[in-house]
There are 2 protein chains.
Amino acid sequence: MSIDLLQSKIRKLKCPIMVGLDPTPELIPPELLAECREQLGDSPEALAESYARFCGGILDALRKIIPAVKVQAACFDALGWQGVKAMQEILAYAKKLGYYVLLETMRTDVGHIAAITAKSVFGGVKCGGERLFPYPCDGLVVNGYLGSDGIRPYLPYLKGEDPKNLFVVVKSSNKSSAEVQDLVSGGRVIHTAMADLTLRWSTDLFGKCGYGEVGAVVGLSSADAIQALRKRYDTLFFLVPGYGAQGGVAKHAAYAFDRLGHGAVVCASRSIIGAWRELAGTDYPEAAVAAVEKMKKQLEAYVTVL
Amino acid sequence: MSIDLLQSKIRKLKCPIMVGLDPTPELIPPELLAECREQLGDSPEALAESYARFCGGILDALRKIIPAVKVQAACFDALGWQGVKAMQEILAYAKKLGYYVLLETMRTDVGHIAAITAKSVFGGVKCGGERLFPYPCDGLVVNGYLGSDGIRPYLPYLKGEDPKNLFVVVKSSNKSSAEVQDLVSGGRVIHTAMADLTLRWSTDLFGKCGYGEVGAVVGLSSADAIQALRKRYDTLFFLVPGYGAQGGVAKHAAYAFDRLGHGAVVCASRSIIGAWRELAGTDYPEAAVAAVEKMKKQLEAYVTVL
């Protein structure tokens with residue numbers, strides 16, 4: 001099971017950290033960008049190439065330290081097809097290096113469109129007698145606002161030979177998440193209604209680690225929400241974004257874990273991949289390693305992964 | 001204003017129809033697909049080329065009949081970068097032919113990620129001293145589950161020199177939309193909470209037509225919901241998907257319009273672009289024209305655009 005893959009990689013490295021690959025022009029070291037522009041001109045190709053090299057460098061540097069990476073599709077989509085091509089290379093490279101790879105598209109589609117995405121990302125595209133995987137990954141982050149129709153097409157791929165998993169946005173890490181997600185309905189807030197659905201979608205899809213293949217994104221915006229959700233949903237694996245640049249801290253992130261230090265992974269993006277901007281005299285892979293080591297220590301003060 | 005552009009194009013053609021370009025391998029006529037494979041092999045390039053030619057043919061055929069098209073990103077994304085490249089070509093071609101062009105990505109992102117998408121799609125990417133627009137369009141369909149943070153980055157682009165607009169998914173067209181969207185909170189259902197937010201995001205952003213630049217996606221799944229929403233939100237422009245293949249009918253779609261036949265556009269995808277499968281002996285552009293004419297007549301029984 002894919003959730004077991006994630007949990008076992010976390011346990012092996014004793015490191016419940018997922019690094020987000022969300023490149024933007026500002027996060028690319030100027031000399032790297034200049035090098036790409038020298039070769040390819042001031043073009044989308046050059047920017048895309050700089051993203052690919054930059055993320056490749058991060059992946060090389062962290063491969064024995066962190067278990068998982070999350071690739072933010074919006075950052076690559078923004079460059080047009082050249083960016084998407086770079087993203088496909090990065091996904092394949094991350095898989096090759098042995099990471100658990102999560103693709104974040106944050107889409108919400110009706111059933112027949114979700115089926116197209118599920119088939120492409122999880123099932124592959126049949127071409128010339130072979131099956132191509134444009135977006136090699138282990139899991140996908142989706143949005144459940146459209147209900148079961150939009151999630152069900154993914155479920156058949158969560159079991160079988162090469163199982164995948166899903167994370168559904170339950171409670172996001174941004175401040176305005178409360179506007180819809182915290183509205184109260186029939187004694188529960190909307191984000192627990194979403195968590196209830198997430199749990200339902202996991203029926204019969206539990207890993208050996210005890211957690212469901214359909215996990216929940218639970219942001220670090222509110223410590224209370226994390227505590228309440230962990231108490232209520234002891235079989236939902238939590239993906240916890242919002243650490244570092246978005247202001248989340250280790251003490252609050254710790255609420256997401258069970259007493260064995262399992263069932264959650266904390267995600268940081270800019271604070272890791274952009275750490276070179278704060279650490280003068282280091283190159284960006286070194287700075288990312290230092291930032292991960294620091295974050296790991298911060299988490300270890302509150303969470304021990306057994 | 002972009003919403004005025006849409007409304008004026010609808011009024012000019014007396015046709016409140018938006019055709020969805022949601023290509024899938026099954027919707028491409030076999031001879032067209034075979035032609036592309038002959039030239040490019042059984043490859044993602046061939047499939048992408050068949051999508052581009054197919055959508056190009058539809059755009060040519062309908063350009064004097066319908067005012068607007070909607071391009072479903074998921075269908076093109078599914079092929080990898082080759083599909084995205086074809087989508088970029090189709091968006092540019094639709095703009096060139098004079099359509100109001102809506103891009104449907106259905107993403108929900110936190111603020112700093114939404115800012116990246118807004119900048120790319122609406123603001124353009126600076127390269128080599130010029131501004132490139134990877135995804136030429138007039139508007140974008142987004143999801144508001146993350147609240148204002150994820151929408152605000154788009155708002156500056158809704159006014160100024162080349163204004164754009166947004167459609168927020170309020171009530172989707174699929175059956176399970178009720179699971180989250182119809183939950184009751186404080187005397188209102190969640191989808192009206194979303195509509196209230198949508199209205200708030202439109203503050204100061206009203207077109208001459210009287211409708212806001214941030215419109216609402218209101219699917220044809222429930223006639224009651226459309227009626228109630230139109231009664232309550234008389235300044236929200238409604239994008240009404242779910243016609244035809246998804247089961248929606250003209251009588252219900254009519255509830256979305258005001259008494260002048262303004263304020264709404266009805267969207268059909270597969271029933272138009274896939275009409276060739278039902279009409280033996282016609283080529284696919286002819287069949288699409290016939291299907292649009294039929295849908296137009298159905299709507300005219302209930303709606304007159306003044």
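Q: Which residues is A:V266 in contact with, leaving aside its neighbours within four places in sequence?
A: In this predicted model, A:V266 is in contact with A:P16, A:I17, A:V240, A:Y243, A:A253 and A:L299. Contact here is a C-beta criterion, with a cut-off of 7 Å.

Q: What makes A:V266 count as buried?
A: A:V266 has 28 C-beta neighbours inside 10 Å. The label buried needs 20 or more. A:V266 therefore counts as buried. Its place is strand 12 of chain A, residues 264-268.

Q: How far apart are A:V266 and A:Y243 in sequence and in space?
A: They are 23 residues apart in sequence. From C-alpha to C-alpha, the separation is 7.1 Å.

Q: Which residues of the largest nonpolar core touch the most other members?
A: They are A:V19, A:V240, A:V265, B:V19, B:V240 and B:V265. The core holds 232 residues. As a rule, nonpolar side chains in soluble globular proteins tend to be buried together.

Q: Which residues does A:V19 touch, not counting residues up to four places away in sequence?
A: A:V19 touches A:L62, A:I66, A:V69, A:A268, A:S269, A:I272, A:I273 and A:V292.

Q: Why is A:K14 called partly exposed?
A: A:K14 has 14 other C-beta atoms within 10 Å. Exposed means 12 or fewer, and buried means 20 or more. The count for A:K14 falls in between, so the residue is partly exposed. A:K14 sits in the loop between helix 1 (2-13) and strand 1 (17-21) of chain A.

Q: Is A:D204 buried or exposed, and why?
A: A:D204 has 9 C-beta neighbours inside 10 Å. The limit for exposed is 12 or fewer, so A:D204 counts as exposed. A:D204 is found in the loop between helix 8 (190-201) and strand 10 (214-218) of chain A.

Q: What makes B:G247 count as exposed?
A: B:G247 has 12 C-beta neighbours inside 10 Å. The cut-off is 12 or fewer, so B:G247 meets it and counts as exposed. Its loop runs between strand 11 (238-240) and helix 10 (250-253) of chain B. B:G247 and B:K64 are 183 residues apart in sequence and 26 Å apart in space, C-alpha to C-alpha.

Q: Why does A:K175 count as partly exposed?
A: A:K175 has 17 C-beta neighbours inside 10 Å. Buried needs 20 or more and exposed needs 12 or fewer, so A:K175 counts as partly exposed. A:K175 lies in the loop between strand 7 (165-171) and helix 7 (178-181) of chain A.

Q: Which residues does A:K175 touch, not counting residues up to four places away in sequence?
A: A:K175 touches A:S221 and B:D149. A:K175 and A:L220 are 45 residues apart in sequence and 9.8 Å apart in space, C-alpha to C-alpha.

Q: How many helices and strands does chain A have?
A: Chain A has twelve helices and twelve strands.

Q: What makes chain A as compact as a globular protein of that length?
A: Its radius of gyration is 19 Å. The globule rule gives 19 Å for 306 residues. The values are close, so chain A is as compact as a globular protein of that length. Buried residues make up 59% of chain A. Among contacts in chain A between residues at least 6 apart in sequence, 74% join residues at least 24 apart.

Q: Why can the copies be said to meet through the same surface?
A: 100% of the interface residues of chain B are also interface residues in chain A, so the copies meet through the same surface.

Q: How do you know that the two copies are related as by a two-fold rotation axis?
A: A rotation of 180° superposes chain B on chain A, with 0.0 Å of shift along its axis. The RMSD is 0.0 Å. The two copies are thus related as by a two-fold rotation axis.

Q: What ipTM and pTM does the predictor give the complex?
A: The ipTM is 0.96 and the pTM is 0.96. For chain A, the mean pLDDT is 94, and 100% of its residues reach 70 or more.

Note on methods
Residues are numbered from 1 along each chain as its sequence is written. Chains are lettered from A and ligands numbered from 1 in the order in which they are written. This is a predicted model: local features need pLDDT of at least 70, side-chain atom pairs count only at pLDDT 80 or more; totals for chains, interfaces and linings use all residues. A nonpolar core is a set of buried Ala, Val, Leu, Ile, Met, Phe, Trp, Tyr and Cys residues joined through C-beta atoms within 7 Å. Two residues are in contact if their C-beta atoms, placed from the backbone, lie within 7 Å. pLDDT is the predictor's confidence in each residue, from 0 to 100. Helices (H or I, at least four residues) and strands (E, at least two) are DSSP runs, numbered from the N terminus. The radius of gyration is taken over C-alpha atoms; the globule rule is 2.2 Å times the number of residues to the power 0.38. Copies are superposed by least squares on the C-alpha atoms of residues with pLDDT of at least 70 in both.
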